[in-house]
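The following note sets out points for a colleague who is examining the model.

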Amino acid sequence: MLRDVTHKVTDGLLGFATATGDGLHLKIGVSPVVSDKPIIVTGDMTAAKIKERLGLSPLADAVMDSVQWGAARIYCLPVSATEAGTLGEVKHTGEGKGTLALDGSPTNAFGIIVEITGQGTLNTAAFKVSIDGGYSYSDETTVPLTGEYTLEGTGLKLTFAAASEPDDAATSFKVGDVFTASTTAPTMTNGDVIAAIEKLHNFAEEYEFIHIVGESSLALWQAVSEAQLEMQDTYKKPLAFVMEATPPEEEDDLQDYALQLEADRKKIKNYNLQVVAAWGVLVRLDGTTQEVNLAGLACGLYAKAPVQVCIGKTRTEAGFNIPKTKLTELRPQGIEEITEMLDVAGFLTFREYDGLDDFYVYHTKMMSPDGSDFRYMEDVRVLNKIIRETRKEALLILQDDIDLEDVQGELETRAKFMFTPLQRMIDSKEISSAEITVPEGQEETILKDETMRVKIRYLSRGYIREIEVDLGRSAPSSD
């Protein structure tokens, strides 16, 4: 080859950060969709597109909530529920003598409304149907000759039957007849959840936390706590888990309910576990209004918040206020009476402030042990990011050989590489400061166990959780 001028490009000199997983999370929930690998949903997808990818399911509902409130990308792991949903009784109002039956295994909680829009019998009467409690309706359809009509994507079938009396048969269904029924969603067992988490052991994408969709109680919190430790220690995945508490029943005394949750919470000591004990009437991405656990909403706020930022921040420009046009009220009635109890016990709650118009996350409490340095999700997000990012740098010096004549100097030189992500976090104001030190005296141990030991200490950001004002009258000036 003839000699000439040759350029070799050296990349990476500006120190730009690589992907960190910030703001990304994964949801595990019930869905009729079958997939052993997580399905990706992005924040620009419509509600219809999300339902197409995840089915009419609790998983799709939770994803819509998170997308609506800030999530740009979510990994979704669908689970085939072990415990089927239930069918409610079909109720009829109107003058027609025909009947309607509801059969099947529902994929979600549905509010079924069938309205007769054209008088007749099988193959002549007309109807429209809603599966979302009347928010939207199908196009007008003729009652099939067989009487059977499948509600696509719901796992349900309607069966129309003509009136039994000959004189009534021709007008079995009359305009104004309305049939209503409701279903409950299928649910995961504790075993279903743990099996889904195990599928993630070798999932290579980076993300910060996992949202377990659906009601949960102490037994599942304990099982997930153990699974989290395995993910962290064995598979090197420092992840937080967000879970949903079981709501109180209508007949429950709220004080007794809160005391029971408090007693259960004391049996969990894991700062990577958060349980949301907050419910509200939410106007969802698809326009429907439903009473839901607000974990999906909280996950959306986490997704758009930098790791060090509390999603309970009340500055409107921060974007964490929840307008009452979207979250119309907190449920159940009287929940405000036990919000402080639940907060002190360590649950995530929502609240109003006198003087502000919207709803807010109160505190992002974790199920941490007493005396823990990591009581809030923002503490844990920062900690887990430090673990993820310093591990990446440390992996690059594995199997290095060092000069045994200067062990301390050699180890300190390599420790400097691990400071790079900490400096980025300082520059981004995710932490206030940090230092890495190499404990002395490793000359002998490095030969025996070939282990380099370093110590990282960091100063987090500070937070204003409460304000105390000293107010008094002043005397007039004597000047």
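1. The second largest pocket holds about 770 Å³ of space. Among the 18 residues that line this pocket, G312, K313, T314, I464 and R465 are the closest to its centre. The lining divides into seven nonpolar, five polar and six charged residues. Here Ala, Val, Leu, Ile, Met, Phe, Trp, Tyr, Cys and Pro count as nonpolar, Asp, Glu, Lys and Arg as charged, and the others, Gly among them, as polar. A pocket is an open set of points on a 1 Å grid over the protein atoms alone, with protein on both sides within 12 Å along at least five of seven lines; lining residues have an atom within 4 Å of a point. Grid points are joined across faces, edges and corners, and a volume is the space filled by probe spheres set on them.

2. Regarding provenance, this is a predicted model, in which local features need pLDDT of at least 70 and side-chain atom pairs count only at pLDDT 80 or more, while totals for chains, interfaces and linings use all residues. Residues are numbered from 1 along each chain as its sequence is written, and side-chain values use heavy atoms, with hydrogens and water left out.

3. Three cavities of 30 Å³ or more are present in the structure; a cavity is a set of grid points where a 1.4 Å probe fits but cannot get out. The largest cavity has a volume of about 50 Å³. Its lining consists of A277, A278, W279, L330, R331, I335, T339 and F350, that is, six nonpolar, one polar and one charged residues.

4. R331, one of the residues lining the largest cavity, is joined to P332 by a cis peptide bond with omega of about -10°. P332 is placed in the loop between β17 (327-331) and α8 (339-345). Helices (H or I, at least four residues) and strands (E, at least two) are DSSP runs, numbered from the N terminus. For context, most peptide bonds are trans, and most residues other than glycine have a negative phi.

5. Which residues other than glycine have a positive phi? N123 has a phi of about 75° and is found in the loop between β6 (111-118) and β7 (126-130). K236 has a phi near 55° and lies in the loop between α5 (218-233) and β13 (240-245). N123 is partly exposed, with a relative accessible area of 45%, and K236 likewise counts as partly exposed at 45%. Buried means under 20% relative accessible area, exposed over 50%, and partly exposed in between (1.4 Å probe, protein chains only).

6. Is helix α2 (residues 58-68) mostly covered or mostly uncovered? It is mostly covered, with 10 of its 11 residues buried. The buried residues include the charged D61 and D65. Just after α2, G70 takes a positive phi of about 135°.

7. Helix α1 (residues 47-54) packs on α2 at an angle of about 145°, with the axes 9 Å apart. Axes are lines fitted to C-alpha atoms, for helices over the stretch in contact, and angles run from 0 to 180 degrees between N-to-C directions. The contact (heavy atoms within 4.5 Å) is made by A47, I50, K51 and L54 of α1 and L59, A60, V63, M64 and V67 of α2. By class, this contact has eight nonpolar, no polar and one charged residues.

8. Helices α9 (residues 377-395) and α10 (residues 407-427) pack at an angle of about 145°, with their axes 7 Å apart. On the α9 side the contact is made by V382, K385, I386, E389, T390, E393 and A394, and on the α10 side by F417, M418, P421, L422, R424 and M425. The classes are eight nonpolar, one polar and four charged residues.

9. R457 is placed in strand β21 (residues 455-459). R457 and S433 are 24 residues apart in sequence and 8.6 Å apart in space, C-alpha to C-alpha. Not counting residues up to four places away in sequence, R457 touches A434 and E435.

10. Overall, the chain comprises 11 helices and 21 strands, and 46% of its 479 residues count as buried. The C-alpha trace spans about 105 × 95 × 50 Å along its principal axes. Of the contacts with a separation of 6 or more, 70% are between residues 24 or more positions apart.
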